[in-house]
Amino acid sequence: MFDVVIIGGSVVDGTGAAAFRADVGIEGETIAAIGDLSQSDARRVIDATGLTVSPGFIDTHTHSDAVLLTDPQHANGLRQGVTTEILGQDGLSYAQLSPENYRMNRRYLTGILGEPPIDLDMSSVTAFRSHYHKKTAINTAYCIAHGAVRLETVGFHDKPLVGDALDKAKQMIREGMEQGAVALATGMSYMPNAWSDTTELIELCKVVAEYDGVYVTHLRDVHPERGFGGGDVPEALEIGRRSGVKVHFSHYRTSAENAGKVAERVALIDEAKSEGVDCSLELYPYPTGSSFPIRYLPPDVNDGGPHALLERLRDPAERQRMLEYILEQPNDLASAVFTYLPKNNHLEGMSLRDIAAERGELKEETLLWLLEDEELSVGYRGAPPDSVKVWQQVSKDCVELLSRPDYMVGSDAIHVGSMPHPRAYGCFPRFLGRLRRSFGMLSLEGMVQRMTDNAAQRFGLTGRGRIETGAFADITVFDAERITDNATYDDPCQFPTGIPYVLVNGQVAVDRERCTGVFAGQAVP
């Protein structure tokens with residue numbers, strides 16, 4: 001007897017092969033049979049007639065590290081059909097940190113991750129993974145956070161990672177990879193990550209390469225003088241060349257500024273791939289991003305960590321220096337809309353420009369006030385382009401990029417606040433429904449492959465990403481003609497339509513578009 005049989009569906013198995021009519025039988029955590037199971041007995045039968053049965057979607061980039069610990073149901077990811085998320089992104093996470101450093105980093109990252117419990121053991125990748133294993137509704141994988149490695153070796157300081165400190169960092173990465181991490185991730189817009197240089201990253205990635213892991217990069221735009229070729233794409237490719245590591249580019253797409261220029265956007269990467277650098281990429285289908293605005297401050301004011309930064313914000317001379325620095329630097333603050341202001345939540349959803357106008361001051365002054373008043377717990381997103389035509393071109397570019405065999409999907413979801421970026425609720429169904437149907441450049445089977453098997457193969461998620469006998473029963477059942485995203489920039493906390501069932505490790509996690517409260521997620525691989 002099967003535990004669950006999904007009958008009557010069109011199976012899209014994740015490999016990119018054509019869909020086929022079959023039933024899927026599940027025993028325990030795995031798929032036990034695929035074929036005509038109409039005469040079989042089962043404890044639960046799911047009628048998928050007229051629906052597509054696919055592997056559960058794998059979100060290759062999400063900032064769920066803290067919210068999964070406080071909201072393990074994680075409905076906004078699960079209801080999208082996501083069954084696995086890869087954490088530790090942009091080098092912004094908690095392992096492998098001592099209790100003191102965990103508390104420090106926890107405070108520093110509140111604007112992007114929220115506030116996890118204060119007393120957790122984050123001293124190893126094993127300890128980190130234990131907080132999620134069979135305690136959340138989805139599976140989780142972990143990228144070693146470059147920021148945490150720096151914090152644990154040279155502290156929250158602008159110091160070179162060399163000598164004994166470098167040896168310790170490399171040993172941390174060895175231990176982390178042996179304990180189940182799938183990658184090393186860094187974010188070169190953020191401290192302490194951006195205090196590194198290319199040589200440091202090459203040395204760290206040599207260890208990652210020993211374990212056939214991946215280097216996941218949010219490209220450098222801070223301290224470009226420390227990066228090969230000025231940072232950005234040239235630095236990431238040089239790290240791949242000189243370390244032998246597999247390079248994965250986070251949220252790499254076009255934007256309003258370069259809409260329609262897909263070939264130019266990937267030219268350097270394609271050239272490097274032809275030379276043997278192993279590259280892959282991910283994206284989300286929206287024209288703007290989301291982050292936390294500490295990134296706009298002078299790098300040196302972060303030295304010493306969040307307490308020292310707050311002291312500088314309260315110092316008039318230091319505050320003036322920060323103001324002058326922000327005014328001199330190119331940024332996107334003119335379009336910033338606040339997503340997370342826990343003390344001033346009545347301002348969530350308002351633009352920085354409008355809040356500043358109400359206060360009668362420069363928007364940069366308002367930003368510094370909010371960072372001080374909120375004790376750094378500030379999140380924001382960009383506003384979409386005024387031009388619908390530009391927005392449509394970016395959407396088309398996203399589908400064109402996803403049509404490449406080296407691309408996959410990462411929502412880059414930030415979950416805190418009442419007005420999050422809509423990607424936190426709509427990323428996968430937006431691609432699979434609205435954009436697939438609008439542009440027709442990528443088949444249903446091809447798009448599912450990018451969302452499932454591509455990611456599983458790249459990050460070594462064994463037994464995930466395919467509908468096949470013996471694979472883990474991570475399964476999403478959706479209506480290919482009706483699936484769509486409902487989350488918008490002005491009303492983001494809206495679940496998608498057309499995904500009635502999601503199974504995680506054989507357990508029904510979404511039943512008729514309702515979360516069941518089953519926490520069957522595992523720390524993988």
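This is a predicted model: local features need pLDDT of at least 70, side-chain atom pairs count only at pLDDT 80 or more; totals for chains, interfaces and linings use all residues.
User: Thanks! How many cavities of 30 Å³ or more does the structure hold, and how much space lies in the largest cavity?

Analyst: There are three cavities of 30 Å³ or more. The largest cavity has about 50 Å³ of space.

User: Which residues line the largest cavity, and what classes do they belong to?

Analyst: Look for Y108, S189, Y190, M191, F292, I294, R295, L297, P299 and N302 around it. That lining has seven nonpolar residues, two polar and one charged.

User: What about the second largest pocket: what is its volume, and which residues lie nearest its centre?

Analyst: Its volume is about 170 Å³. Of the 14 residues that line the pocket, V67, T70, D71, H415 and V416 lie nearest its centre. By class, six of the lining residues are nonpolar, six are polar and two are charged.

User: Now the core, please. Which residues have the most contacts inside the largest nonpolar core?

Analyst: A nonpolar core is a set of buried residues joined through their side chains. The largest one here has 129 residues, and F249, Y252, L297, F338, F431, L432 and F478 have the most contacts inside it. A second, separate core has 19 residues, including I6, A22, A471 and V477.

User: And what does Y252 touch, leaving aside its neighbours within four places in sequence?

Analyst: Y252 is in contact with L219, V233, R265, V266, I269, L281, E282, L283, L401 and Y407.

How values were computed. Residues are numbered from 1 along each chain as its sequence is written. Side-chain values use heavy atoms; hydrogens and water are left out. On a 1 Å grid over the protein atoms alone, a cavity is a set of points where a 1.4 Å probe fits but cannot get out, and a pocket is an open set with protein on both sides within 12 Å along at least five of seven lines; lining residues have an atom within 4 Å of a point. Grid points are joined across faces, edges and corners, and a volume is the space filled by probe spheres set on the points. Ala, Val, Leu, Ile, Met, Phe, Trp, Tyr, Cys and Pro count as nonpolar, Asp, Glu, Lys and Arg as charged, and the others, Gly among them, as polar. A nonpolar core is a set of buried Ala, Val, Leu, Ile, Met, Phe, Trp, Tyr and Cys residues joined through side-chain atoms within 4.5 Å. Buried means under 20% relative accessible area, exposed over 50%, partly exposed in between (1.4 Å probe, protein chains only). Contact means heavy atoms within 4.5 Å.
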